[in-house]
Amino acid sequence: IKSGTDVLKKTKGKGKITKGELGGGSFQSMGLNPSLLRSLTIRGYKTPTPIQRLTIPSLLADPPRDVVGMARTGSGKTLAYTIPLIQRLGGRHSTAFGARALILVPARELAVQVLKVGKELARGYNSGGGGAHAGDAEGMNDDDSKGQSLRWGLVVGGEGMDEQFEMITNNPDVIIATPGRLLHLVVEMNLDLRAIQYVVFDEADRLFEMGFATALNEIISRLPTNRQTLLFSATLPKTLVEFAKAGLQNPKLVRLDAES
Ligand code: ADP
Ligand code: MG
C-alpha cells in the first residue's frame, strides 16, 4: 500500500493523518452500527480487506470525504462502498421523497450482484444500535410490512418500463443503475435525483471505456453539488483522470498495488 499512503499524505494537505483514516485494521474500530457489524460477522466478513480498511474510515469521517479507490478485481471494493452507504443512510427507509444514494455500474449483471450484497448486508439493521434480537435468525426479517427496511431499486436495461415505473413509485432509498437506462428514466419519467447524497461510480474504468461518458455527465449535472462522490476502479485510464477532476471534490486517493 505504499503508493496509497503517499497519495494520502499529499491529498490530506494540512494536518496529520489520523489513525482512523489509515484504518484501525478491524471493522470493530470503524464506528459501525452494531447491527451492521453483526451482519458482517454473520456473513463471514471477519476483517476488512486493504481497500476497505483504507477507504471506509474516510467515507464515514465528519465531514465525509470523496474517495477514489483503485484496487484489483476481487479486492473487496463492493463492501468498501456498501458498508458506508448503509451506515450513512441510517440503514432504514426514509419516507422523505427521493433516493439518497446512487450506485452506477457498467452492466446489468453487476447491478444485480451489488443489489444482492447490499440487501443482505442491510438486513436486520436496527438504527437504535441493534436490539437484543436484531442479528439473530428471528431478527433478520426485512420488516417491509412496517415499511422500514432500506429500499433498493434496480434501474437497468431489460426491465420492463412498467416495472421500472412501479419501482420509482416505491420511493427507493438506493438506486443501482446502468447509465443509459438511468438517464432514460430521468428524462422520460422525471426520476428525481435531487435528494442524492452519496454517489458511487463502480468499475469506473469500464463505465468510461464503454462509452457512457456522455450519459454520465448528463446524470452528474442533475445531482446536488454537495453530494459525496466515490469512484472505484481496477485501473486508472486517462479519461478517468479527466472525469475525476470534474466529478470529485478534493478526493482521497487510495491506490493499491496489484497484490493487495
Ligand atoms: P471487487 O469489486 O474489488 O472485484 P468484490 O467486492 O466483488 O471485489 O469482492 C470479491 C470477493 O471478496 C467477494 O466474494 C466478497 O464476498 C469477498 N470479500 C469482500 N470483502 C471481504 C472481507 N472483508 N472478508 C472476506 N471476504 C470478503
Ligand atoms: Mg467490483
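Trainee: What share of the 260 residues of the protein chain counts as buried, and what makes a residue buried?
Mentor: This is a predicted model, and 42% of the residues of its protein chain count as buried. The label needs 20 or more other C-beta atoms within 10 Å of the residue's own.

Trainee: Why does the span of α5 agree with what a helix should have?
Mentor: At 1.5 Å a residue, its twelve residues should span 16 Å, and the end C-alpha atoms are 17 Å apart, so the two agree.

Trainee: What makes α5 mostly covered?
Mentor: Ten of its twelve residues are buried. Just after the helix, Gly 90 takes a positive phi of about 75°.

Trainee: Which residues surround ligand 1, and what counts as near?
Mentor: A C-beta atom within 6 Å of the ligand counts. The shell includes Tyr 45, Pro 48, Gln 52, Gly 74, Lys 77, Thr 78 and Leu 79. Helix α5 gives the most to it, with three residues.

Trainee: How does that shell divide by class?
Mentor: It has four nonpolar, seven polar and one charged residues. Lys 77 is in the shell, and Lys counts as charged, whereas Gly goes with the polar ones.

Trainee: Which strands pair with β5, and how do you know they pair?
Mentor: Pairing takes at least two DSSP bridges. Four bridges join β2 to β5, and four join β5 to β6, so both pairs pass the rule. β2 and β5 run parallel, as do β5 and β6. Ala 101 stands opposite Tyr 198 in β5, while Val 199 has Thr 229 in β6 as its bridge partner.

Trainee: What makes both faces of β5 covered?
Mentor: In a regular strand the side chains alternate between the two faces of the sheet. Tyr 198 and Val 200 are on one side of β5, Val 199 and Phe 201 on the other, and all are buried.

Definitions and conventions. Residues numbered from 1 in each chain as written. Chains lettered and ligands numbered in written order. Predicted model: local features only at pLDDT ≥ 70, side-chain atom pairs only at ≥ 80, totals over all residues. Helix = DSSP H or I, 4+ residues; strand = E, 2+ residues; numbered from the N terminus. Expected span 1.5 Å × (residues − 1).
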